Structure formats: structure tokens, C-alpha cells
Amino acid sequence: MTNTKSAVKPAKKRKRYASLDKRKSRAGWFFVLPFVLSFLILYVPIIFESIRLSFYRMRPIIGGGFELEPVGFLNYQEALFVDPDFVRTLTSGLQQLAFDIPAIVIFSLFMAVLLNQKMVGRAAFRAIFFIPVILSTGLMESIDAQNTLNEYMDSASGINDGSGESVATDLVSALDVERLFANMKVGTELVTYVTTMINNIYNIVNRSGVQMLIFLAGLQSISTAIYESCQIDGASAWETFWKITFPMISPMILVNGIYTIIDSFTTESNQVMTFISGIYNTTDGNVISSAMSWMYFLIVMLIIAVVAGIMSAYVFYQRRD
């Protein structure tokens with residue numbers, strides 16, 4: 001009797017290939033690898049050295065050189081309670097940024113909505129509003145920092161034309177903003193805020209270019225079919241903006257809010273950064289400035305966390321099912 005059992009060959013194991021998303025993720029890590037290595041090799045040791053120096057004092061040695069003497073939190077206490085200028089400068093800087101950041105985000109959103117409309121020369125207008133971003137980077141920023149015209153424009157008083165009043169103040173007076181708000185019976189704080197923003201319009205326009213591009217990208221990602229449906233239903237432009245455009249652009253508002261905070265807190269024109277840089281050049285300034293810098297860093301991170309937490313609760317994310 002013959003054996004009818006046939007030998008069953010084991011099935012070949014099919015090779016598993018990574019999904020497209022995993023391959024894209026690996027490719028992304030390949031492109032960011034130079035930055036990651038540079039950060040770990042160059043920046044991380046500097047960061048730890050800066051933290052370590054903030055807990056030491058430098059004591060000169062006879063014959064040259066110095067040695068580090070551990071003092072704990074003495075540098076932090078001196079920055080907060082001994083130096084009267086640090087807390088005052090920090091408070092003034094935070095107050096100024098609390099006024100500037102909303103103005104920059106609102107202005108960039110307003111201009112992005114206008115530049116998103118169909119009109120002749122739209123690309124040229126977009127380029128014009130982005131030119132200040134290019135001019136305020138690198139070497140141009142250093143040249144611009146020594147520009148007398150820029151100093152007058154950045155000042156709260158504006159440009160003095162010899163008549164004793166600034167051009168910016170004349171502009172506010174010509175528009176009669178104060179009288180307008182007085183007739184509306186609003187508080188003097190709002191009047192002061194609006195007039196200050198008008199006087200500071202040069203700085204606001206210079207710092208709004210990147211935010212405009214981000215808002216434009218978000219506006220152009222909104223489907224035109226949604227706007228067509230609103231027109232068919234008889235919605236006005238005002239209703240369409242608040243019911244459709246504003247919720248759909250809310251993720252970009254969060255991104256621009258965080259970007260503007262970081263950009264405002266780290267720019268060279270920031271008065272707190274300027275103050276810390278000046279302390280660095282004094283005796284024992286490198287250790288005290290390290291303490292000031294890390295306190296400033298923690299405050300910035302706390303503000304970012306609070307703003308991101310509050311704004312995230314109101315962000316609308318469209319489902320793409």
C-alpha cells in the first residue's frame with residue numbers, strides 16, 4: 001500500500017515592508033539628524049555649563065585666572081532682591097509685550113484676510129509686506145539698529161518734525177481717535193492702547209510678515225465650497241468671517257500666538273535681553289546674567305504654556321473623514 005501523504009512544503013515567509021508613513025518618518029529623521037547631532041554635541045554642553053555657572057561665583061586668583069566658588073541660589077536672590085533694575089525691566093518688558101503681541105496677531109490676520117482677496121497685484125502686495133522680515137535679519141538688523149530713523153520710529157513719541165509734536169501724534173490727532181473713543185464712552189485704558197499701537201505701527205508691520213504668510217496658508221486651505229454654501233444661504237460677509245473663517249483659522253492663530261511670543265521675547269531689541277547682555281559685561285556679570293537668563297527663560301516658558309493651554313481650548317480642528 002502506497003503512502004498517499006504528500007510532503008507539504010513550508011510556506012515562504014513574506015518579507016514585511018515598512019508602511020509609507022513609517023518610511024516618511026525615517027526619512028524625516030534622516031534630514032533632521034544634522035541638527036539633532038549639532039544640538040547634542042554643541043548646544044547641550046553649553047546649556048549645562050550656563051546652568052552650572054548660575055550657581056557659582058568667580059573668585060580671582062593671584063597671578064591670573066579665577067576659580068569657581070559655589071554659592072547656591074545667591075545669584076538668583078541678588079538678581080531678584082538686590083538689583084533694583086532687573087525686576088523693573090522685566091516687569092516693563094512683559095507689560096510692553098502684553099500690548100504688542102495681540103496687536104501683531106490681529107494686524108497680521110487683518111492684512112492676511114485683505115491680501116487673500118482677488119485683486120490686481122496681489123502677489124506684489126504680499127511681497128511688499130514680507131520685505132521688512134528680510135531686512136530685519138542678519139546684517140541688515142545690525143545696520144538697522146544703528147539707524148537714527150529707526151530709533152525715532154521705535155520711540156513712543158515718533159518723529160519730531162521741529163514743531164514740538166511727533167508725526168505719529170499728529171496722525172492720531174488727525175484721525176481724532178481720542179475724540180472717537182470719548183464719544184463711545186469707553187475707558188481711557190483702551191484709548192491709550194489704541195494710540196500707542198498707532199504710534200508703534202512701524203514696529204508692528206516689521207514683525208508681522210511671517211504671521212501673514214501663515215495666516216494666508218491657512219486661509220487658502222479653506223474649501224471654497226463652504227463659502228459658496230454660505231452665499232447660497234444668504235450669510236453676510238461679517239457672519240461668514242465669524243462663523244466660518246475665524247473658527248477654521250483658529251489653529252493658525254494658536255501657531256502665530258506662540259511664534260510671536262517667542263519672537264518677541266528673544267529679539268535683540270527686547271529690553272530685557274538688552275539689560276541681561278549689559279550685565280554680562282560687568283564684574284561677575286557672566287554668572288549673574290546666567291541666573292537672570294534662566295529666570296527669564298522659565299517665565300517665557302510659563303507664559304507660553306498658559307497661552308497655549310487657554311487658546312487650545314478654543315481651537316477648532318476640522319475632521320477629514
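Student: How many helices and strands does the secondary structure of the protein chain hold?
Tutor: This is a predicted model, in which local features need pLDDT of at least 70 and side-chain atom pairs count only at pLDDT 80 or more, while totals for chains, interfaces and linings use all residues. Residues are numbered from 1 along each chain as its sequence is written, and side-chain values use heavy atoms, with hydrogens and water left out. Helices (H or I, at least four residues) and strands (E, at least two) are DSSP runs, numbered from the N terminus. On that basis the protein chain has 15 helices and 2 strands.

Student: What share of the residues in the protein chain is buried?
Tutor: Buried means under 20% relative accessible area, exposed means over 50%, and partly exposed lies in between (1.4 Å probe, protein chains only). Of the 321 residues in the protein chain, the buried share is 28%.

Student: Where does α1 bend?
Tutor: Helix α1 covers residues 20-53. A bend at a residue is the angle between axes fitted to the seven residues ending there and the seven starting there. In α1 this angle is about 50 degrees, and Pro-34 follows within four residues of the bend, which is at Val-32.

Student: Is Val-113 buried or partly exposed?
Tutor: Val-113 is in helix α3, residues 84-115. Leaving aside neighbours within four places in sequence, Val-113 is in contact (heavy atoms within 4.5 Å) with Leu-219 and Phe-241. Its relative accessibility is 22%, so Val-113 counts as partly exposed.

Student: What separates the C-alpha atoms of Val-113 and Thr-245?
Tutor: Along the chain these two residues are 132 residues apart. Their C-alpha atoms are separated by 9.3 Å.

Student: Why does Leu-254 count as buried?
Tutor: Leu-254 belongs to helix α13, residues 237-266. Its contacts, leaving aside neighbours within four places in sequence, are Ala-308, Met-311, Ser-312, Val-315 and Tyr-317. Leu-254 counts as buried because its relative accessible area is 12%.

Student: What percentage of the contacts with a separation of 6 or more comes from residues 24 or more positions apart?
Tutor: Val-113 with Leu-219 is one of the contacts in the chain. For the protein chain, the share from residues 24 or more positions apart is 62%.
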